[in-house]
Amino acid sequence: MHVPDGFLDAPTSVATGAVAAVAVGVALRGARRELDDRTAPLAGLVAAFIFATQMLNFPVASGTSGHLLGGALAAILVGPYTGLLCMATVFLVQCLLFADGGITALGTNIDLMGVVTVLVGWTVFKTLQAVLPKRLSMVAPSAGIAALVSVPAAAGCFVILYALGGTADLSLGNLAAAMIGVHVLIGIGEAVITFLAVGSIIAVRPDLVYGARPVLETRELEVRIPGAVA
Amino acid sequence: MKVSTKVVAAGLLLVALLMAGVVSRFASSDPDGLTKVSEDHGFADTEKARDSPVGGYGAVTGVLGVLVVLGLAGGVTYAVRRREYDDDREHGHEHEHEHERVE
């Protein structure tokens, strides 16, 4: 979903750039609370993993492919603030080194594929965690559902930006239907990759998954009760 | 199975390098969702394309990209992480007074 230069007009690109700058600033402050000496070394690796996975376009419909966005995955693995820093780094390198996404559209891409997917992914994940049983086995499926929702949400936000500052005169209804339709399909791939990645780390080291920590704390309490009675 | 943080880190790096360096050659070359929609809806020609300094995604440039992202993101997150002395400083006043009294 990398937006190139030219799709959105200059005022819209300046505005999305400003939003991205503020969001990264907020993330730099917030990430400090999420990162300690144990988890900090993993954050860079999560960003590298997302960069690599974004290279793997999978077919979704005739003549159309999609790839992982990764905001929900990053937020659940390392926390939403750190996750946004990881995503912004990926888009910066893709833009400058690979000309993937426009230079004037860097803010747009950080906003759509970083801020929106992190915010929507994390909100859906935390909502599921609040309503579902507090079990470790719920974390990876919840992460998958959060990832699924995050992709069409980003596509929908692109349509909103296009309505504000798109450079071609289009039927926005048709654009919305096409963008959200194909990105629901891409979201299914996003869900599978996110489920597998989160599930793999939970299988070996659940304490390294930021989104699993509340469930682990609950589990520790459950273990201590019979010990205290005996 | 409980493994060390180093093993998890090494596993993540290995998977990232394998995906960028090997699996990427099997990636679909069809246009992605947005590009396809822009073609179907007649605004693909509004794109202002430019050349990649490294010649686009390939096995070698993909591995290079993984390492650059790792260095940048790792550097930023390492720099902003919470350190031991930060925790001390936040609760510093009480500790200082206790310390003085002991001495």
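User: What radius of gyration does chain A have, and does that agree or disagree with a compact globule of 230 residues?
Analyst: The radius of gyration is taken over C-alpha atoms, and the globule rule is 2.2 Å times the number of residues to the power 0.38. For 230 residues that rule puts a compact globule near 17 Å, and chain A agrees with it. The radius of gyration of chain A is 19 Å.

User: From which pLDDT do side-chain atom pairs count in this predicted model?
Analyst: Residues are numbered from 1 along each chain as its sequence is written, while chains are lettered from A and ligands numbered from 1 in the order in which they are written. This is a predicted model in which totals for chains, interfaces and linings use all residues, local features need pLDDT of at least 70, and side-chain atom pairs count only at pLDDT 80 or more.

User: Which pattern does chain A follow along the sequence?
Analyst: Helices (H or I, at least four residues) and strands (E, at least two) are DSSP runs, numbered from the N terminus. Chain A has 8 helices and 2 strands. Along the sequence their pattern is α-α-β-β-α-α-α-α-α-α.

User: What percentage of the 230 residues in chain A do buried residues make up?
Analyst: A residue is buried if 20 or more other C-beta atoms, placed from the backbone, lie within 10 Å of its own, exposed if 12 or fewer, and partly exposed in between. The C-alpha trace of chain A spans about 75 × 35 × 25 Å along its principal axes. Of the 230 residues of chain A, the buried share is 57%.

User: What share of the contacts in chain A with a separation of 6 or more comes from residues 24 or more positions apart?
Analyst: Two residues are in contact if their C-beta atoms, placed from the backbone, lie within 7 Å. Of the contacts in chain A with a separation of 6 or more, residues 24 or more positions apart account for 77%.

User: How many residues of helix α3 (residues 71-78) of chain A are buried?
Analyst: The buried residues of α3(A) pack against α1 (10-34), α2, α4, α5 (106-131), α6 (139-165) and α7 of the chain. Among the buried residues are A:Leu73, A:Ile76 and A:Val78. α3(A) is largely enclosed by the rest of the structure, because its buried residues number 8 of the 8.

User: Which residue just after α3(A) takes a positive phi?
Analyst: The phi of this residue is about 100°. The residue just after α3(A) is A:Gly79.

User: How many nonpolar, polar and charged residues are in the contact of α3(A) with α5(A)?
Analyst: A:Ala72 and A:Ile76 are among the residues of α3(A) that meet α5(A), whose side includes A:Met113, A:Trp122 and A:Phe125. Ala, Val, Leu, Ile, Met, Phe, Trp, Tyr, Cys and Pro count as nonpolar, Asp, Glu, Lys and Arg as charged, and the others, Gly among them, as polar. The contact divides into 8 nonpolar, 4 polar and no charged.

User: At roughly what angle do the axes of helix α2 (residues 40-54) and helix α4 (residues 80-98) of chain A cross?
Analyst: A:Val46, A:Ile50 and A:Phe51 are among the residues of α2(A) that meet α4(A), where A:Cys86 and A:Val90 are among the partners. The two axes come within 9 Å of each other, and the crossing angle is roughly 45°.

User: Is A:Glu34 buried or exposed?
Analyst: A:Glu34 is in helix α1 of chain A. Beyond its neighbours within four places in sequence, A:Glu34 is in contact with A:Val78, A:Gly79, A:Tyr81, A:Thr82 and A:Tyr210. Because 23 other C-beta atoms lie within 10 Å, A:Glu34 is buried.

User: What supplies the largest share of the side of chain B that touches chain A?
Analyst: Chain B has 5 helices and 0 strands. The contact takes 52 residues from chain B and 60 residues from chain A. On the chain B side, α1 (5-21), α2 and α3 (59-80) each supply at least two residues. The largest share, 13 residues, comes from α3(B).

User: Which elements of chain A are included in what covers the buried residues of α2(B)?
Analyst: In helix α2 (residues 33-40) of chain B, the buried residues are B:Gly33, B:Leu34, B:Lys36, B:Val37 and B:Ser38. Their cover includes, from chain A, β2 (64-66) and α7 (172-204).

How values were computed
Axes fitted to C-alpha atoms, helices over the stretch in contact; angles between N-to-C directions.
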